[in-house]
Amino acid sequence: MVNSAAPFPIQVSVCLPTYNGAAFLAEAIQSVLSQSLRNFELLILDDCSSDTTLEIARTFNDPRVHVRCNAEPLGIPENWNRCLELAQGEYVCLFHQDDRMLPENLSRKVAMLAADPTLSFVHSAVEFLVEEAAPSLPDNWIDDATEDCMIDGRTYFHKLLFGNRICAPAVVMRRSQLVTIGKFDPQLGFACDYAMWMKLCVQGRIGFLSQPLLLYRWHQGNASHAYRFEHGVREVLTARCEALRYYAARTGEHEK
């Protein structure tokens, strides 16, 4: 269960679940530590890596960095859930081991959330760092709004039913909303975030910042590639069904 203690001495918990991420981890960590917003914790939770991921994480001598290692491999959804159990901040970001935050990422998203308590989460445009050998980028993946906006959650829910438009590490969300919803579904290795975004849409409005605030590395080693091509279609359908059940239970309505 997500820790629900209050008040919040820590503003943001940046959760960084890792697994064999040595190639880009130092850049990812440094990008978090270079944020203009200073009141955050960086929780690095390693899922039994066999490379030098843990050694790299432990080289950062900053009191905001907390490094832990699972006793046994949990897999992506359960490692994310473990991160959420440890998080202490009012807001939560589940960051990726191979991406980079731009300096204003946390401050702009937190400011938007703090200004409007009806927002469940804020996400943003991203800039892609594409490796030549990587598979082609999916079409129409990230929201293409050209201006900052706040959108009715149920309206955005309907939009997401036709495809995920949200890049997971670009999301900053309220921990209180996660307490209400619960955990990421461990049966959805590829689409657990997709199901969560739709459930959060039922909880409140959604904010979007049109300025890219994240450098998303699209490379051959992305963990999501195997899921995308092997299990992705089935899991996306399962995520939609799960979200629709949640929508009906929370609203008393049935999506048409």
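Which residues cover the two faces of β4?

**View 1. Strand β4 and the burial of its faces.** In this predicted model, local features need pLDDT of at least 70, side-chain atom pairs count only at pLDDT 80 or more, and totals for chains, interfaces and linings use all residues. Residues are numbered from 1 along each chain as its sequence is written, and side-chain values use heavy atoms, with hydrogens and water left out. On β4 (residues 91-94), Y91 and C93 lie on one side and V92 and L94 on the other, and all are buried (under 20% relative accessible area, 1.4 Å probe, protein chains only). Strands are DSSP runs of E with at least two residues, and helices are runs of H or I with at least four, numbered from the N terminus.

**View 2. The neighbours of β4.** Strands β1 and β4 run parallel and are joined by four bridges; two strands pair if DSSP finds at least two bridges between them. V12 stands opposite Y91, and V14 has C93 as its bridge partner. Strand β9 (residues 172-174) runs antiparallel to β4, with two bridges, and M173 of β9 stands opposite V92.

**View 3. The enclosed strand β1.** Because seven of the seven residues of β1 (residues 12-18) are buried, this strand is largely enclosed by the rest of the structure.

View 4. Seven bridges pair β1 with β2 (residues 40-46) in the parallel sense, and T18 stands opposite D46.

Key
Buried means under 20% relative accessible area, exposed over 50%, partly exposed in between (1.4 Å probe, protein chains only).
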